[in-house]
Amino acid sequence: MAKRDYYETLGVSKGVSADEIKKAYRQKAKELHPDRNSDNPNAEEQFKAANEAYDVLKDADKKAAYDRYGHAAFEGGMGARPGGGAGGFRGQGDFASAFSDVFDDLFGDFMGQRGGGGGGRSRAARGNDLRYNLRINLEDAFAGMQKTVTVPTSVTCGKCLGSGASDGSEPATCPTCSGMGKVRAQQGFFTVERTCPTCNGIGQIIKDPCRACQGAGRVEKEKSLSVNIPAGVETGTRIRLAGEGEAGLRGGPSGDLYIFIDVAEHQLFKRDGHDLYCRVPVSMAAAALGGDIEVPTIDGGKSRVKIPEGSQSGRQMRLRGKGMPALRGGQRGDMFIELAVETPVNLTARQRDLLKEFDELGEKNNPQSSNFFSAVKGFWDSMKG
Ligand SMILES: [Zn+2]
Ligand SMILES: [Zn+2]
């Protein structure tokens, strides 16, 4: 599908001022914001498109390039930024992580109302969800663990208990908007409703802000939490700690903290769902003669495995119930041993002689090779004929 023209996406014509582009973008973004469009499945896509368009058109250099070359100017990845916000912490969910910084930048007024639920009347706002990436090793994923994580977040201010007002004083109704959080302005034929510039939509102002938090009702702080990591987690498992995210604004409810698990590769075991795979090298002689070997198990123990006589490289043996536990109870997975027959190296002269002698003695030792060569011979014969 052809990409829509950026100006068209924002609903402005080419040549309008930067201010008008910004205004059009703000309008679009408000209309399309997911909090207001839970019933419109296309809103997020459209919002992303508007964001991408604005990302280019707000930047004089990018805009000039776009005006000249169109979308071709950004092929090769310099246009929109698909996955902003690197690092351990960011807003929860794809949408928020990709765009929250843009919102913070431009929509502080609007975002301040998120989750308030009262059409701008509400003074409190829910805190942001936080994401914490936790890398653990396979042994810990097997056994489960208790882990203390330190999260830089904001917590309710202890001095004003979240109200944002200094000792004893109360927040007052905003005089500009009478507590509505919005003001109306006549613009041509239309009455436009805007977020109140005095109180930023909160509906209240604080005349005497709390000195500890400058009126926000929350302060930046590191928080230590003990997290229970259940046995059986895997990369991508999310653990939600309700109410442990950022504190709300002015006494609003806290967001949630999501622990995202990332299980590191193990040097001995490969994981596939609940099953584990372990590649075990065996000597050529052991593979030919058969015998017992000891293999490690993920619980730190060992199991004896019988290698049948004449085992070939790649042969698999199953150890039932020696895999990973299921996250929500149920049966443990299996462990598969895969034999890797090792060709001997660093031969002494005597070993060399013995191997030559061994090779000359045998006619039926290598049925696979014999079959292969007779198949090859047949192939060549058929090509001649
Ligand atoms: Zn305070
Ligand atoms: Zn106001």
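Student: Before we dig in, what pLDDT do local features need here?
Tutor: Residues are numbered from 1 along each chain as its sequence is written, chains are lettered from A and ligands numbered from 1 in the order in which they are written, and side-chain values use heavy atoms, with hydrogens and water left out. This is a predicted model, where totals for chains, interfaces and linings use all residues, side-chain atom pairs count only at pLDDT 80 or more, and local features need pLDDT of at least 70.

Student: Which residues hold the zinc ion (ligand 2), and what geometry does the site have?
Tutor: Donors are N, O and S atoms within 2.8 Å of the metal (3.2 Å for Na, K and Ca), and since water is not among the atoms, sites may look incomplete. Here the SG atoms of C174, C177, C196 and C199 lie 2.2 to 2.3 Å from the zinc ion. Four donors count as tetrahedral if all angles lie between 85 and 135 degrees. The angles among the four donor atoms run from 102 to 115°, so the site is tetrahedral.

Student: How many residues apart in sequence are the parts that C177 and C196 tie together?
Tutor: The donors follow the spacing C-x2-C-x18-C-x2-C along the chain. C177 is in the loop between β3 (172-173) and β4 (182-187), while C196 is in the loop between β5 (190-195) and β6 (204-205). Strands here are DSSP runs (E, at least two residues), numbered from the N terminus. The pair therefore ties together parts that are 19 residues apart in sequence.

Student: Is C177 buried or exposed?
Tutor: Buried means under 20% relative accessible area, exposed over 50%, and partly exposed in between (1.4 Å probe, protein chains only). C196 comes in at 1%, so C196 is buried. C177 has 5% relative accessibility, so C177 counts as buried.

Student: What about the zinc ion (ligand 1): how far apart in sequence are the parts that C157 and C213 tie together?
Tutor: This zinc ion is coordinated by the SG atoms of C157, C160, C210 and C213, at 2.3 Å, and its site is tetrahedral, with angles of 104 to 115°. The spacing along the chain is C-x2-C-x49-C-x2-C. C157 lies in the loop between β2 (145-156) and β3, and C213 in the loop between β6 and β7 (218-229), so the parts they tie together are 56 residues apart in sequence.

Student: In the three-strand open sheet, which are the edge strands?
Tutor: Two strands pair if DSSP finds at least two bridges between them. The order is β1-β9-β8 with mixed pairing, and β8 pairs with β9 (residues 257-263) in the antiparallel sense over four bridges. The strands that pair on one side only are β1 (130-136) and β8 (238-241).

Student: Which residue stands opposite L257?
Tutor: L257 is in β9, the strand that runs antiparallel to β8. Its opposite number is L241.

Student: Which residues form salt bridges with D55?
Tutor: A salt bridge is a side-chain nitrogen of Lys or Arg within 4 Å of a carboxyl oxygen of Asp or Glu. D55 is buried at 6% relative accessibility, whereas K58 is partly exposed at 41%. The N-to-O distance is 3.6 Å for the bridge to K58 and 4.0 Å for the one to K62. That gives K58 and K62.

Note on methods
Tetrahedral: all angles 85-135°; square planar, octahedral: opposite > 155°, others 65-115°.
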